[in-house]
Amino acid sequence: MQGPPVIKTALNFGALSGLGSFLVFLIIYALGFNPLGPSSWLGAWVPVVFMVWSSLYYRNRENGGYLIYWSGFRLSFLTASFSAFVFGALAWSFVSVIDGSILDHHKQELLSALELSEGLMKSMMGEVAFEQSIESITKMNMGDVVTSDIFNKILGGLLVAFIVAAFVKRDPVFKNTEEE
């Protein structure tokens, strides 16, 4: 007998979460902000909602109304991971095919921020490390940005999965069959 479809549930909700995150990306872009910059945090709530939703769906519809902690953790983490990969693929495709200037604008913002703190950065890191930072920003491509974003989303999903699992867990209740 095969168990309930944890992977299928995580894939479905992760794909929806990735699409939702990409919709936020498009809204930020349409409003004229850099969707790769600090405003991208406006979409941080989307994976959390889908992590909770997938766990509740699985618990109530696929698993008989119960969900132990580690199953909830695994489902939430997989949902966040699949969401990160779907969003990364969509964002990479959008910037690569539709508007490559997003990456150039993002690099300019990073360089401007680095230049504003040049004195502090040089005193903390040294001249050589500061120059290496500038060089790494100028050489950055969309693959680097997407890889970093996927890593950050998976790491964030790992942390949030611990919390989501604690809230949605429901241990099975076994009826006492002994007569007293």
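On a 1 Å grid over the protein atoms alone, a pocket is an open set of points where a 1.4 Å probe fits, with protein on both sides within 12 Å along at least five of seven lines, and its lining residues have an atom within 4 Å of a point. This report applies that term to a predicted model, in which local features need pLDDT of at least 70, side-chain atom pairs count only at pLDDT 80 or more, and totals for chains, interfaces and linings use all residues. Residues are numbered from 1 along each chain as its sequence is written, and side-chain values use heavy atoms, with hydrogens and water left out.

**The largest pocket**

The largest pocket holds about 730 Å³ of space, a volume being the space filled by probe spheres set on grid points that are joined across faces, edges and corners. Its lining comprises 30 residues, and Ser40, Trp41, Asp149, Asn152 and Lys153 lie nearest the centre. Two or more lining residues come from each of helices H1 (6–30), H2 (45–62), H3 (69–98), H4 (101–116) and H7 (142–168); helices are DSSP runs (H or I, at least four residues) numbered from the N terminus. H7 gives the largest share, 10 residues. By class, the lining has 19 nonpolar, 9 polar and 2 charged residues, where Ala, Val, Leu, Ile, Met, Phe, Trp, Tyr, Cys and Pro count as nonpolar, Asp, Glu, Lys and Arg as charged, and the others, Gly among them, as polar.

**Salt bridges**

The whole structure contains 2 salt bridges, each defined by a side-chain nitrogen of Lys or Arg within 4 Å of a carboxyl oxygen of Asp or Glu.

| Pair | N to O distance |
|---|---|
| Lys139 and Glu135 | 2.9 Å |
| Asp149 and Lys153 | 3.7 Å |

Lys139 and Glu135 both lie in helix H6 (residues 127–139), 4 residues apart, about one turn of the helix. Asp149 and Lys153 have a spacing of 4 residues, about one turn, within helix H7. Relative accessible area is classed as buried (under 20%), exposed (over 50%) or partly exposed (in between), with a 1.4 Å probe and protein chains only. Lys139 is exposed because its value is 59%, whereas Glu135, at 39%, is partly exposed. Asp149 counts as partly exposed at 23%, and Lys153 is partly exposed at 27%.

**Exposed phenylalanines**

Phe33 lies in the loop between H1 and H2 and is exposed because its relative accessibility is 52%. In helix H7, Phe151 is exposed at 54% relative accessibility. Phe151 and Phe85 are 66 residues apart in sequence, with a C-alpha to C-alpha distance of 9.5 Å.
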